[in-house]
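Let's take a walk through a protein together, one stop at a time. Keep the picture in view and look for each residue as it comes up.

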Amino acid sequence: MSKKILILPGDGIGPEIVNEAVKALTCLRDDFGLDVDLDEALVGGAAIDATGGPLPATTLELAKEADAVLLGAVGGYKWESLDIAIRPEKGLLGLRAGLDLFANLRPAILYPQLADASTLKPEVVSGLDILIVRELTGGIYFGQPRGVRTLDSGEREGYNTLAYRESEIERICRVAFDVAGKRGKHVCSVDKANVLECTELWREVATRIGAEHADIELHHMYVDNAAMQLVREPKQFDVMVTTNMFGDILSDCAAMLTGSIGMLPSASLDENGKGMYEPIHGSAPDIAGKGIANPLATILSVAMLLRYSLNEAAMAARIERAVDEVLDDGLRTTDIHSPGATEVGTEAMGDAVVEALRARA
Ligand code: IPM
Ligand code: MG
């Protein structure tokens with residue numbers, strides 16, 4: 001039976017880059033026999049404009065029925081003045097919560113072809129291969145109570161709650177140890193256990209799960225030190241596991257080590273491997289509509305989707321090889337451009353990937 005993929009282009013550069021990823025998917029379907037059905041729905045600002053809310057019930061329903069979801073990005077200047085409860089970002093958070101996508105895998109891999117794109121010295125980043133496992137449906141992003149209240153003094157106070165149940169920490173740590181077992185066999189659990197009780201518990205649970213995995217080395221690191229170590233000596237890391245907000249911050253930092261956030265895909269998975277896949281960069285409203293966004297992170301998100309949710313590792317490898325080939329050919333979007341390379345736009349990059357795929361049909 002065909003696997004159902006729901007496409008959510010979203011906002012900003014979302015539609016442009018998703019368009020190129022869909023070209024690659026369609027090529028795999030038409031030329032290589034990948035059995036998929038594609039459907040499309042609204043999320044984020046696009047959904048606010050059309051329906052008044054960032055996550056229409058039909059979109060969540062379609063996402064629940066699908067085998068996997070491919071998302072572009074959400075958000076933009078146009079919706080920034082809206083109340084936080086109905087902003088485009090709530091569409092994304094609603095999908096994560098509604099689909100119980102608690103495990104966010106964010107690889108930071110340095111493509112050898114792009115070693116010059118990093119602001120760090122080549123010897124610090126060459127061969128870099130880190131996987132950040134970010135808890136995605138708990139922590140301060142979702143903790144209650146939250147809001148802005150007026151104190152007796154008349155002054156306003158904003159507040160959010162950082163809370164994790166043991167079971168939530170346990171399940172994300174298990175994911176981290178499982179993937180570490182298939183890679184470098186090293187987990188670094190990142191917390192702020194010297195200050196926050198919640199992450200003191202995090203450390204305790206991580207240690208307990210670690211004890212069940214004798215073959216995997218576990219280290220703990222405070223988040224401030226982790227941020228520093230990421231730029232000082234990033235290759236010391238294999239898998240990093242951390243809370244929702246620490247993971248949000250550290251994954252941007254890790255992404256930039258590779259030179260371009262425009263190259264990095266991500267997977268958000270539930271307990272059964274169903275997932276939503278998206279580039280880790282955002283909607284980049286400043287370059288939306290200009291045809292210059294890098295579609296490779298979204299195309300590589302398709303590869304992750306094929307591997308993790310559709311069990312199509314060979315198809316995933318086809319996409320990864322095609323991306324490798326266009327980089328070898330010297331094609332670069334502006335974010336990864338370097339002297340001597342050929343600068344191309346979003347569409348030309350997508351077309352080149354499809355061409356590289358077809359060349360091996
Ligand atoms: C991310 C983004 C989101 C987050 C925003 C858009 C809500 O920054 O996926 O990292 O904070 O999780
Ligand atoms: Mg982020």
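Before the first stop, a word about names: helices and strands are runs assigned by DSSP, a helix having at least four residues and a strand at least two, and they are numbered from the N terminus. Please also keep in mind that what you see is a predicted model.

Let's begin with ligand 1. Which residues are around ligand 1? They are E89, L92, R96, R106, R134, Y141 and D248. Now step back and think about domains. Domain 1 (1-103 + 272-361) and domain 2 (129-257) each give at least three residues to the shell around ligand 1.

What kinds of residues are these? Sorted by class, the shell around ligand 1 holds five charged residues, two nonpolar ones and no polar ones. In this count Tyr belongs with the nonpolar residues, yet the side chain of Y141 still has a polar atom, and that atom lies 2.5 Å from an oxygen atom of ligand 1. R134 places a polar side-chain atom 2.8 Å from an oxygen atom of the ligand, and for D248 the corresponding distance to an oxygen atom of ligand 1 is 2.9 Å. How much of ligand 1 does the protein bury? On its own, ligand 1 exposes 320 Å², and the protein buries 76% of that.

Of the elements, α11 gives the most, with three residues. By class, the lining of the largest cavity has four nonpolar and three charged residues, but no polar ones.

Finally, let's look at two details of the backbone. Where is P145? You will find P145 in the loop between β5 (129-135) and β6 (147-150). The peptide bond that joins Q144 and P145 is cis, with omega at about -5°. The other detail is at K185, in the loop between α6 (166-181) and β8 (186-191). K185 is not a glycine, but its phi is positive, near 60°.

Methods: Residues are numbered from 1 along each chain as its sequence is written. Chains are lettered from A and ligands numbered from 1 in the order in which they are written. This is a predicted model: local features need pLDDT of at least 70, side-chain atom pairs count only at pLDDT 80 or more; totals for chains, interfaces and linings use all residues. Side-chain values use heavy atoms; hydrogens and water are left out. A residue is near a molecule or strand if one of its heavy atoms lies within 4 Å of it. A polar contact is a pair of N or O atoms within 3.5 Å; within protein, one must be able to donate a hydrogen and the other to accept it, and residues adjacent in sequence count only if both atoms are side-chain atoms. Accessible areas come from the Shrake-Rupley method with a 1.4 Å probe; for residues, only the protein chains shown count as cover. Domain bounds come from an automatic or database domain assignment.
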